[in-house]
Amino acid sequence: MSDIEIRDDRAAGRLEALGDGADGEVVGHIEYFVLESPRRALVPVHTIVEPAHEGKGIAGSLARELYAIAEREGVVVAPLCPYVVKWAERHPDVAPAADPELLRAAKEWLVAHPGRF
């Protein structure tokens, strides 16, 4: 995998992977939101990697960093993104199973905010 930098743009709800070129182009990202109730959680909704950068481990690096951020902040991840759900199943050592109550609350949040994603 190429060297990439990952940055958290919390205001935009995006965890971005920047390519190693001089322009620092965004080569992939996870769109997410922060659920506040019934308890605080990071909720990834979509993982997107630019076609020219697929197969380089970028999506996995993004998922791993999302879980690392959650751990540093003392919160959990409630994944709705199919890629992150599958990634978490393959990496239970760093991605604990999500609480079903949080997943329900996250889905309800999406329904209540139809234009967000």
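**View 1. Val34 finds its bridge partner across the way in Leu42 of strand β4.** Strand β4 covers residues 41-49, and eight bridges tie β3 to β4, with the two running antiparallel. Five residues sit between β3 and β4 in what is a hairpin. Strands here are DSSP runs (E, at least two residues), helices are runs of H or I with at least four, and both are numbered from the N terminus. Two strands pair if DSSP finds at least two bridges between them. A word on the model: it is predicted, so to speak of local features we need pLDDT of at least 70, and side-chain atom pairs count only at pLDDT 80 or more, while totals for chains, interfaces and linings use all residues. Residues are numbered from 1 along each chain as its sequence is written, and side-chain values use heavy atoms, leaving out hydrogens and water.

**View 2. Strand β2 meets β3 through five bridges.** Strand β2 takes in residues 14-18 and runs antiparallel to β3. Look for Leu15, whose bridge partner in β3 is Ile30.

**View 3. Strand β3, residues 26-35, is mostly covered.** Eight of its 10 residues are buried (under 20% relative accessible area; exposed is over 50% and partly exposed in between, with a 1.4 Å probe and protein chains only). Phe33 has 4% relative accessibility, so Phe33 counts as buried.

**View 4. Phe33, Trp109 and Phe117 are linked into a cluster by ring pairs.** Rings of Phe, Tyr and Trp (its six-membered ring) pair if their centres lie within 6.5 Å; planes under 30 degrees apart count as stacked, over 60 as edge-to-face and the rest as tilted. The whole structure holds four aromatic pairs. For Phe33 and Trp109, the ring centres are 3.8 Å apart and the planes at 15°, so this pair is stacked. Phe33 in strand β3 and Trp109 in helix α3 (residues 100-112) are 76 residues apart, so the pair links distant parts of the chain.
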